[in-house]
Amino acid sequence: MIERVVENWLTDATERSFQVPFCHMLSSKGFTVLHMSRHCGMELGKDVIAVDPTGVPCAFQLKTPQGKRITLSEWRNGISQQVHDLVTLKLIHPSLPTHSHHRSFLVTNRGIDEEVARAIDDLNRHWSDSGHHHLKLETIVGGSIQKDALDLGSNLWPTELADARTLLELFLHDGAEHLPKVKLASLLERTMGLAEGSPKPSQAEAVRSCSSAALLCAIATKAFAERENHFAQIEAWTMLVAHVLAVAERRRLPSRLWQGAFDIGVKAIHNALANLVEELKARPHVVEGDPTTDTEVRRVRTTCLLALVAIHELWNGGEEDFAKRFCEKYRGQLLLWGESAVPQILAFYWFWKNVDATPRSDFLLANLIEHICQANAPGAELGQAIASPYYSAEEVLAQRFAVTDEPWEEDFRRNSYSLEAIIHLFVRENWKQTMKHLWPGITRVWFNRCDVKAKWRWFLWKTEKADHWSVCPPFTKKWADLRNEAWEDRGKSIPSTLKEWPLLALLFLIVYPHRLNADVVRWLDSCFRNGKHIPSACDAKKAP
Amino acid sequence: MLPDFPDLKRKLARKLRARMRDVHAAHTAPMSAAGLVCIHEGNRVLSIDEDGIESQIPMKNHRVTVTITDAEVESLTSAQIIARFDDAARQMAMKTGKTFIESLDRSVQSVGNVVSYQGRITANDLFAMWEKVLIDFDEQGRPQLPTLVCGSKMFSEVSEILPALGDDPALKQRFAKLMTQKYEEWRDRESSRKLVD
């Protein structure tokens, strides 16, 4: 069954959707991937740039033909010129020496017509006869990619019927909805030996499982990639990267063993973010799908978009005016629809704070505190309480619009998972008098959090090996003590592998909102204050 | 397999579960009025109260079984099946209610917040109980008196005492005095919710 799914995925895949798994296949063969194209106008002229295990730079051009094979007409109408550039033009990448020769590959997930194979052969012979022995076009076709995919994944992929069913459900998904994160998490955990009760894999198995899971992730989320559902792709690759870090943390793997899989995942996230921003730039509005019912969900979408635009801008070091204009236009639509939205609102806050010199961003925090304290106060209306971060936007909206068969039993009043974190951010801004005004309301809401027992479990969707804490804020509190608490920023609950990646940690919280707690938020805030958030993995890499 | 209607039956089962929840709630009142908090992950629940006292809340698994044998499965009517689930919900209510009371008992015993009486409960015993508990007041200053959970004997005895609090001048005055005291305590408590320098 797995073979058929891989075959089907590969046949239907586009250049966009098989690029990331192709990179993972390269990585598993010892290549170091330096660059992945976003398939937009301005690129380096090559879809993938990598360095092979012997240190030779390689350039890959990915092509998905219209039919089963690249035809002579497709070859003549564009591909031949592109591969000519691929082979003859120097590879320009900061990590590569400018004088080095490179290997060139035309990669297709389908096949190549005999006439095209002949044309390639002629081209290679022409270069060779002209004395340019280093110029040569190599080909990788669907059959060999499929074999590599099966070699990489077949013995690690789910064999249990339930898992295979989950994979199929994801594979056949419409792709327009939100990513079914619980299902994907379950697949990744099982594939990577992270599920509760599964034996600890050997180091070799653990390393191999990272690339294998990446391929599985690409196949499972094919529909979302084809729909260009950027947020779902961001979520999927963030989940994959989180699981790679879980394996690394659990097995205490040296970074050289997992960095390749991790970097490709991060590049995929960055590309999806950039594609989302490009789409937003080109759109006249943020309405999606049926406009007659969109009003009800638009603010939830806008809140998410504000967060993603903010993260993209923080990632790129604030180069563009678009993010500022977009946030200015839509910031009034931020909505605390549930505690799952808190990481999104905080992402916007950290960006906006750098842009807006007024105290408006601080008072966004004050408004959040006031809103949570009012909505989740013991005497508040049950249906108005803010849902815990264990509930997604779809679940919250379905309850709000009464379009669910089973109304919730859970009472969210008296509790909050994010209140303490927001309080600490606000206290850091030193608004003492406002805080004094807010404090009585705060004491009526208990701070909840989940402390996992081993740090690698932090990356799991849910874990049994954890302590659930409910803490009542003391009725009387000293401002000095509160300030001391608010400025503590060691981030002791955060896995060490994630600590080099504040922006990824923020994205992780957006995907796993139930992992947000005061400790993580304080650490993140310090990173953003100190400018430690600019990632390094997408920067130029040193060639081996 | 034989022809079936799984989707429809899932919806019916959902209705049955909703009914069970209602029956359970009716038999665990007033405990059921307390909000339901879900623990979505973890295997230990710990808390720190407003006084900074840490405690672990023990988790207990309760289950009841509804058995339908092959011999009766064809002859059971819908009403009989509903009756069995109602009974299961009542059994569950007994178990969860018992756990609730036992847990409450352990908590109050541990801090000595207990009033004992011999024979028949009196107004003095009721006053002694109220003196020991925290009483909140609403925005109009009306006391939010705690709910009494008691057996049938105590219920009839208390039912005789409560009207006297409004009729007997001495008891009325004592109750008013106690409520004034409780109001002061509540106000002090509420006033203590503050951020200080």
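**View 1. Core of chain A around Ala310(A), Ile311(A) and Phe348(A).** Of the 170 residues in the largest nonpolar core, Ala310(A), Ile311(A) and Phe348(A) are those that touch the most other members. A nonpolar core is a set of buried Ala, Val, Leu, Ile, Met, Phe, Trp, Tyr and Cys residues joined through C-beta atoms within 7 Å. H10(A) gives the most to this core, namely 14 residues. Phe348(A) touches Leu306(A), Ala307(A), Ala310(A), Cys327(A) and Leu334(A), with residues up to four places away in sequence left out. Contact requires C-beta atoms, placed from the backbone, within 7 Å. The model is predicted: local features need pLDDT of at least 70 and side-chain atom pairs count only at pLDDT 80 or more, while totals for chains, interfaces and linings use all residues. Residues are numbered from 1 along each chain as its sequence is written, and chains are lettered from A and ligands numbered from 1 in the order in which they are written.

View 2. Ala236(A) lies in helix H10 of chain A, residues 230–251. Helices (H or I, at least four residues) and strands (E, at least two) are DSSP runs, numbered from the N terminus. Ala236(A) counts as buried because it has 28 C-beta neighbours inside 10 Å. The cut-offs are 20 or more other C-beta atoms within 10 Å for buried, 12 or fewer for exposed, and partly exposed in between, with C-beta atoms placed from the backbone. Not counting residues up to four places away in sequence, Ala236(A) touches Leu179(A), Leu184(A), Cys217(A), Thr221(A) and Phe224(A).

**View 3. Contact between chains A and B.** Chain A brings 33 residues to the contact and chain B brings 26 residues. On the side of chain A that touches chain B, helix H18 (432–442), strand S10 (466–471), strand S11 (476–478) and helix H19 (479–487) each supply at least two residues. S10(A) provides the largest share of that side, six residues. The residues of this side of chain A comprise 13 nonpolar, six polar and 14 charged. Here Ala, Val, Leu, Ile, Met, Phe, Trp, Tyr, Cys and Pro count as nonpolar, Asp, Glu, Lys and Arg as charged, and the others, Gly among them, as polar.

**View 4. Strand pairing across the two chains.** S11(A) pairs in the parallel sense with strand S5 of chain B (residues 194–196) over three bridges. Strands pair if DSSP finds at least two bridges between them. Lys478(A) has Val196(B) as its bridge partner in S5(B).

Conventions:
Two residues are in contact if their C-beta atoms, placed from the backbone, lie within 7 Å.
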